[in-house]
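Hello,

Here is the structure I promised to pass on. Please open it first, then read my notes below.

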Amino acid sequence: MTESGLRLQEGRYVVQGVDLAELCETYGSPLYVYDGASISEQYRKMVTAFKGMNCKIKYAGKALTNMSILKLLKQLGAGLDTVSIQEVRLGLMAGFKPEEIIFTPNCVSFEEIKEATELGVVINIDNISVLEQFGHYFEDSVPVCIRFNPHIWAGGHSNIQVGHIDSKFGISVYQMRHVQRLIKASNLRVRGLHVHTGSDILDAEAYSQTARIMFELAHQFQDLEFIDFGSGFKVAYKEGGNETDVMAIGVGLQAAYDEFCEEYGRKIDLWFEPGKYLVSKSGFFVARANVIKPTPATVFVGVDSGMNHLIRPMLYQAHHEIVNLSNPEGTKRIYTIVGNICETDTFGSDRKLSEVREGDLIAIRNAGAYGYMMSSNYNSRFRPAEVLILNGEAKLIRRRETLDDLLRTQVGWEEEEND
Ligand SMILES: *Cc1c(COP(=O)(O)O)cnc(C)c1O
């Protein structure tokens, strides 16, 4: 019943026994649906892979911050990785303790860092300027984590490679001497080192290389409680594609970890910050085919959504698998699936789908991470509802927007009308 994933059962596509098409009858389309069983399964795989290394999983909330998802991950035992003060506040409201939350912002004001510090979360500093200000302001009263950039070129699309030499993230490992000066001048206490080289690191070798650099750096700090290896855990977007083999990474890290702890004189914790790995697979974005439009070049399937609701294909040229939910046994045909936004807006080109008829529902897979979170009201469309399936039961966790939601933050236009 609570097996994860999309299954064809008696001619209907179901998740944990729940019929996706039926969900759209209840909640309308387009609709985001999340498979809670998939999230726990992914979480458990990570915990198992790193269990020999005092591992702590800090879910990267920016992938999907719906409160019900945060609470589910909290229940599973995760901590939280945050990149804005708003994510920190949502995390606290979801029940994470301040010390379970790490704040890893980039280019935010010192005011925001002070605010997070006052909330008691773990502060991760990613540039020399803030490290210096933090030292002046807090001296040794608040221990910090420092984000380093080891300059390793690994990862997928160039927009999401963050560890390379041109990257804006982290403090260069070559600035170590400067970091040491600042620490000494302000008596800063460093409790953690952090690295996040970018999304989509597939091979264990890139991880081991990063790990070696970090363990080497760690010897220069006396009071470390943890090293945070960030993320980079990939899932398969294409059918037959590869998911990061976390077990292999775990095996690769274990020896280096043991050796480090031995030399360091005590065990430290290893933190990881997966976002995509935990929630991507869980998400199905369901939309309805409004129009089937043959042109001289292709057959378009025009759906009742667009890049305003799922921007990854247009923004990152990301490949998302697409399934026709309504006609599982239909003859396979080739389609280009497009959205209704008034500019080029493509979900997938030249895809083989069971024949799509007007009114059919299609599901776009791997829509859990950076799907709803990157959605907008472009073209003044409402953002969709979100449903979470847990223990075989579907629950609405965010309602669809209404015209009132589009107007809620607008001021000053009504008075003039009444003049
Ligand atoms: C985005 C981000 C992550 C999560 O990345 P995924 O590819 O979704 O796993 C983790 N840590 C930091 C600091 C991030 O900015």
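**Salt bridges and burial**

Arginine 408 is exposed, with a relative accessible area of 60%. Here exposed means over 50% relative accessible area, buried under 20%, and partly exposed in between (1.4 Å probe, protein chains only). Arginine 408 forms a salt bridge with aspartate 405, and their closest N and O atoms are 3.3 Å apart. A salt bridge is a side-chain nitrogen of Lys or Arg within 4 Å of a carboxyl oxygen of Asp or Glu. Aspartate 405 counts as buried, at 11% relative accessibility.

This is a predicted model: local features need pLDDT of at least 70, side-chain atom pairs count only at pLDDT 80 or more, and totals for chains, interfaces and linings use all residues. Residues are numbered from 1 along each chain as its sequence is written, and side-chain values use heavy atoms, with hydrogens and water left out.

The salt bridge count comes to 18. One of them joins the side chains of arginine 12 and aspartate 19 (2.0 Å, N to O). Arginine 12 is partly exposed, at 43%. Aspartate 19 is buried, at 9%. Another salt bridge pairs lysine 74 with glutamate 100 (3.8 Å, N to O). Lysine 74 is partly exposed, at 26% relative accessibility.

What about the whole chain? Of its 419 residues, 55% count as buried. Phenylalanine 285 is buried too, with a relative accessible area of 0%.

Best wishes
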